[in-house]
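Morning, everyone. I have one protein to walk through today. Please have a look at it first.

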Amino acid sequence: MKAIRFDGDNVALAEIPVPVIAGESLVRVVAVGVCNTDLEIVRGYAGFRGTLGHEFVGVVESSPDPSWIGARVVGEINCGCGSCARCAAGDPRHCSDRTVLGIVNRDGAMAEYVSLPERNLLRVPDCVSDDRAIFVEPLAAACEILHQVAIDDSTTVALIGDGKLGLLIGQVLATTGARLTAYGRHRSKLAVLETKGATVRLSSDGHEDVRGAFDVVVEASGSTSGFAMAQAIVRPRGTIVLKSTIHGDVPFDATSLIVNEVTLVGSRCGRFEWALEMLEHGVVDVESMISRRMRLDDGDAVLAAAAEPGVLKVLVEVGDERN
Ligand SMILES: [Zn+2]
Ligand SMILES: [Zn+2]
């Protein structure tokens, strides 16, 4: 089968065997999204080698449980060992022996087929198109914030970053009724958050007027300047949520965090069920975030396209079938 792979130096389309992992389900991939994490992996994040991609929708081709065969599915990306204390507690996302689809020791979904345990699979309701389904994983990551931090209509929240993940986070935050201000570099990208009731501001306009103003600041820009800004605009005893996967070190001013008693919250993957429900009910607008449609055969060009300024989601179509 064809797969887009990273060998530590280069990304290229390769011909590899269809994955056969005992006890797992084989999924024929229909579409896969390019994520910023993929771009960070190519810069060295997580030291990953293998097939890239973790935001997919596909159809189950074979499974130990035949009831899955033919089901249209998305897949939770973390695969726990199944036997440690974290896994037993129902939290395979933090199993120390986990593999992560296309990120840690497990070939990803930028391929004709992908293998996952059936416990990782979720059926996609008919009303959720393939185009929407590829957003389940990043949307779940956005929803994770609401599981970690109490946010309601009395909370003042600032979002920094108007990339793919930032725009999903902004839409999820807007569902809480929080008083949301979104900072970004592109008025055109921020427009979707304005329609959800957020105040939108350009980061370039500065933030002197909002020093120490926000209960919660979500940093999703993935830049060091974004982190510095988060520290400047969070209120004393407020919370900063770190939502970007960045390869490399991020310098920060520890003194201001300590003196102001700021809570730092790291935030990564979330549960898929809630995200699927949001897509089912049309709570978030994701279609408008698809900037380009490409094919698996485009190989490394799909990553180059996703890295271009102003490009949001690059959707990679695999095979011929479309829903
Ligand atoms: Zn992702
Ligand atoms: Zn485990």
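A word on burial before we start. I call a residue buried if 20 or more other C-beta atoms lie within 10 Å of its own. With that cut-off, 45% of the 323 residues of the protein count as buried. Keep in mind that this is a predicted model.

Now the overall picture. There are 10 helices and 18 strands. The C-alpha trace spans about 55 × 45 × 40 Å along its principal axes.

Next, the domains. Domain 1 is made of two segments, 2-135 and 286-317, while domain 2 covers 141-266. Their C-alpha centres are 27 Å apart. How many residues does each domain bring to the contact? Domain 1 gives 11 and domain 2 gives 10. On the domain 1 side, helix α1, residues 36-42, supplies the largest share, with three residues. What about the classes on that side of domain 1? Five residues are polar, three are charged and three are nonpolar.

On to the core. In soluble globular proteins, nonpolar side chains tend to be buried together. Here the largest nonpolar core has 92 residues. Which members touch the most others? L139 and L159 do. The core takes at least three residues from domain 1 and at least three from domain 2.

Let's stay with L159. Leaving out residues up to four places away in sequence, L159 touches G166, I169, G170, L173, L180, A182, Y183, V218 and A220.

Last stop, helix α7, residues 224-233. Which of its residues are buried? They are G226, F227, M229, A230 and I233. Those residues cover an arc of only 160° around the axis, which means they sit on the same side of α7.

Definitions and conventions:
Residues are numbered from 1 along each chain as its sequence is written. Chains are lettered from A and ligands numbered from 1 in the order in which they are written. This is a predicted model: local features need pLDDT of at least 70, side-chain atom pairs count only at pLDDT 80 or more; totals for chains, interfaces and linings use all residues. Helices (H or I, at least four residues) and strands (E, at least two) are DSSP runs, numbered from the N terminus. A residue is buried if 20 or more other C-beta atoms lie within 10 Å of its own, exposed if 12 or fewer, and partly exposed in between; C-beta atoms are placed from the backbone. Domain bounds come from an automatic or database domain assignment. Two residues are in contact if their C-beta atoms, placed from the backbone, lie within 7 Å. Ala, Val, Leu, Ile, Met, Phe, Trp, Tyr, Cys and Pro count as nonpolar, Asp, Glu, Lys and Arg as charged, and the others, Gly among them, as polar. A nonpolar core is a set of buried Ala, Val, Leu, Ile, Met, Phe, Trp, Tyr and Cys residues joined through C-beta atoms within 7 Å. The arc is that of the directions from the helix axis to the C-beta atoms.
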